[in-house]
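Morning, everyone. Let's look at some strands and how they pair. Please bring up the structure.

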Amino acid sequence: SEPAQAFKVPDWATQPSSSSKALLTPSDDDGLPVPLGERAYTVFGRQEEICQKVLDHSSVSRKHAAIVYHDNGKFYLIDLSSGHGTFLNGDRVKPNAPISLKEGCKIQFGTYPVSYIAAGVVAKREREEDTNTTSSSSTSSSSSSSSSSAKDEKRKKPTQIKC
């Protein structure tokens, strides 16, 4: 059969900072965690030539899904039009529609017997901003981030989902 084409990296993808410790932890005890903070994207699928994480299972497409880092400090899951789907917390994700990952999200690739739990996928600054938005008093960190927030608003923002 013809090999799958290489993953087309979104133009908003960027290299995570060296302090990123994001991992996908497998649900089985034998599997190794998948580090996400080492590159701008990680492709999951059956084809070794284009996938950083190979999943050898009949329900996994050659180029199944990708997790991509955005300069807003978030990781996004993208189903790459897989045949058997990619699932986030049990819900099938729409193909080619990036969805932000939250701490503890469960990711399933087709009916592959191992699922993955996201850890460390929320940037430290986002956790701080979430805390600041829930408090009624304004802090210097929230006011100093207003210029970067305006810049982020101008960039294309992928969909967000709560886990």
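Some ground rules. This is a predicted model: local features need pLDDT of at least 70, side-chain atom pairs count only at pLDDT 80 or more, and totals for chains, interfaces and linings use all residues. Residues are numbered from 1 along each chain as its sequence is written, and side-chain values use heavy atoms, with hydrogens and water left out.

Now the terms. Strands are DSSP runs of E, at least two residues, numbered from the N terminus. Two strands pair if DSSP finds at least two bridges between them. Buried means under 20% relative accessible area, with a 1.4 Å probe and protein chains only.

Back to β10, residues 106-109. On one side, β10 is joined to β11, residues 116-119, by 2 bridges. Those two strands run antiparallel. They form a hairpin with 6 residues between the strands. Look for G110 there: it takes a positive phi near 55°.

β10 also pairs with β7, residues 86-88. That pairing is antiparallel too, over 3 bridges. Here T86 stands opposite F109.

What else does β11 pair with? β1, through 4 bridges, again antiparallel. β1 covers residues 23-26. Within this pair, L24 stands opposite A118.

Stay on β1. Its other listed neighbour is β2, residues 34-35, joined by 2 bridges and running antiparallel. L24 turns up again, opposite V34 in β2.

Here is a rule to remember. In a regular strand, side chains alternate between the two faces of the sheet. Now check β1. L24 and P26 make up its covered face. L23 and T25 make up the uncovered one.

Next, β5, residues 65-69. How many of its residues are buried? 5 of 5. A65, I67 and Y69 point one way, while A66 and V68 point the other way. Buried residues lie on both sides.

Who pairs with β5? One partner is β3, residues 41-45, by 4 bridges, antiparallel. Y41 has V68 as its bridge partner. Another is β6, residues 75-79, with 5 bridges, also antiparallel. There, Y69 is partnered by F75.

β5 and β6 form a hairpin, with 5 residues between them. Find G73 in that turn: its phi is positive, about 90°.

That's my tour. Questions, please.

Technical notes
Buried means under 20% relative accessible area, exposed over 50%, partly exposed in between (1.4 Å probe, protein chains only).
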